[in-house]
Amino acid sequence: MEWEVPETDPYAYSLALAHAWREPILADAIQDLDPLPGSRGLDAGCGIGLPALMLAEAVGPGGHVTGLDISPRFLAYGERFAEQAGLSERVSFKDGDVRQVPFNDASFDSAWSVDCVGYAAILEPLPTIQELARVVKPGGVVALLMYSSQQMLPGYPELEARLNATPAGIGPFKPGMRPERHYYRALGWFRELGLEAPTVRALVGSVHAPLSEDLRLALAGLLDMRWGGARSELSPEDWADYLRLSQPDSPEFVLNLPDYYAFFTYSLFQGRVAR
Ligand SMILES: C[S@@+](CC[C@H](N)C(=O)[O-])C[C@H]1O[C@@H](n2cnc3c(N)ncnc32)[C@H](O)[C@@H]1O
């Protein structure tokens with residue numbers, strides 16, 4: 001792995017691992033955002049900073065990206081990786097809460113949040129998106145990029161459908177939440193907040209055999225992240241099948257299939273701050 005994070009820091013480790021399959025999707029999203037060269041961007045809930053680094057590449061030498069996160073430990077990784085990438089001049093990291101962004105109104109040309117703002121189980125979406133809009137200049141873009149779905153068990157569509165139907169499988173949405181709080185309804189949130197011309201697009205990433213070691217690790221991590229907590233929500237037979245397919249030491253580990261293929265989708269919501 002290019003971005004070294006110790007396994008003893010599991011959340012940060014999983015973010016670093018996941019970069020192997022997320023990077024092409026992030027690149028696609030950044031192409032869509034098309035930030036102006038020399039512009040200033042905010043990455044809200046930036047984690048260990050890997051998406052912020054990609055955005056910093058996109059804004060070019062005169063631009064700047066600020067990564068904001070509530071975890072100083074994650075930000076320390078971001079600083080180290082920025083140095084490693086030779087981007088320390090172009091990206092900085094700030095400890096803070098996206099619910100009260102520690103910047104003045106209209107400080108940025110754009111703001112985005114990847115897998116953070118928009119998940120109603122974690123943060124109240126409307127006031128948080130409004131907070132992002134507050135720090136973006138009139139005419140600038142507010143964007144949310146949110147993990148949406150996966151197909152990772154080729155040959156086992158029924159099992160995968162049942163896994164996806166569990167509370168773990170529908171996360172970060174929660175059973176019993178009001179439908180309007182589902183992140184696929186973010187167009188309505190944008191409209192309600194007066195963000196102009198809201199749009200959404202699905203972005204797809206795919207992988208197939210032969211898998212690099214980085215991808216194998218990343219996908220094994222994703223199998224565990226999606227459904228590793230679903231035991232009590234499944235029949236014993238389904239749980240046994242899931243383990244048979246998802247454990248690296250199992251003779252039937254799905255990632256060992258010579259014809260393995262999987263895909264993942266993200267949703268990119270964008271809207272403009274009114275002029
Ligand atoms: C799933 S991670 C995504 C990190 C990064 N955006 C990425 O895509 O690699 C969610 C991040 O949101 C951060 N976070 C959660 N609540 C937050 C809050 N209220 N303010 C700032 N950051 C927050 C977490 O610390 C974590 O780094």
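In the analysis of this predicted model, a pocket is an open set of grid points, on a 1 Å grid over the protein atoms alone, with protein on both sides within 12 Å along at least five of seven lines. Sorted by class, the lining of the largest pocket comprises 25 nonpolar, ten polar and seven charged residues.

The second largest pocket has a volume of about 270 Å³, and of the 18 residues that line it, Pro35, Leu36, Asp109, Ser110 and Val141 are the closest to its centre. Strands β4 (108–114) and β5 (136–151) each supply at least two residues of this lining, with β5 giving the most, five residues. The classes represented in the lining of the second largest pocket are ten nonpolar, four polar and four charged residues.

The side chain of Asp115 makes a polar contact of 3.0 Å with the side chain of Arg22, a residue that lies in helix α1. Arg22 is buried, with a relative accessible area of 7%.

Not counting residues up to four places away in sequence, His19 touches Trp3, Leu26, Leu50 and Met54.

Strands β4 and β5 run parallel and are joined by six bridges, and Ser113 stands opposite Leu144 in β5. Twelve of the 16 residues of β5 are buried, so this strand is largely enclosed by the rest of the structure. Helix α4 (residues 125–134) has as its buried residues Pro125, Thr128, Ile129, Glu131, Leu132 and Ala133, and these pack against β1 (40–44), β4, β5 and α7 (186–192).

A further buried histidine, His64, has a relative accessible area of 14% and lies in strand β2 (residues 64–69). Its side chain makes a polar contact of 2.8 Å with the side chain of Ser92. Beyond residues up to four places away in sequence, His64 touches Ser39, Arg40, Gly41, Val59, Glu89, Arg90, Val91 and Ser92. The C-alpha atoms of His64 and Ala165, which are 101 residues apart along the chain, are separated by 41 Å.

Arg275, in the segment after β7 (261–272), counts as exposed at 80% relative accessibility. Although Arg275 and Gly140 are 135 residues apart in sequence, their C-alpha atoms are 8.7 Å apart in space. With neighbours within four places in sequence set aside, the contacts of Arg275 are Pro138, Gly139 and Glu196.

Several backbone features were also identified. A cis peptide bond, with omega of about 5°, joins Gly171 and Pro172, and Pro172 is found in the loop between α6 (167–170) and α7. Another cis peptide bond, with omega of about -5°, joins Ala209 and Pro210, where Pro210 is placed in the loop between β6 (196–208) and α8. Ala106, likewise not a glycine, has a positive phi of about 55°; Ala106 is located in the loop between β3 (91–95) and β4 and counts as partly exposed at 33% relative accessibility.

Conventions. Residues numbered from 1 in each chain as written. Predicted model: local features only at pLDDT ≥ 70, side-chain atom pairs only at ≥ 80, totals over all residues. Heavy atoms only, no water. Nonpolar A, V, L, I, M, F, W, Y, C, P; charged D, E, K, R; others polar. 1 Å grid on protein atoms, 1.4 Å probe; cavity = no way out; pocket = protein on both sides within 12 Å on 5 of 7 lines; lining within 4 Å. Points joined across faces, edges and corners; volume = space filled by probe spheres on them. Helix = DSSP H or I, 4+ residues; strand = E, 2+ residues; numbered from the N terminus. Buried < 20%, exposed > 50% of the residue type's maximum accessible area, 1.4 Å probe, protein only. Polar contact = N/O pair within 3.5 Å; in protein donor to acceptor, adjacent residues only side chain to side chain. Pairing = 2+ DSSP bridges. Contact = heavy atoms within 4.5 Å.
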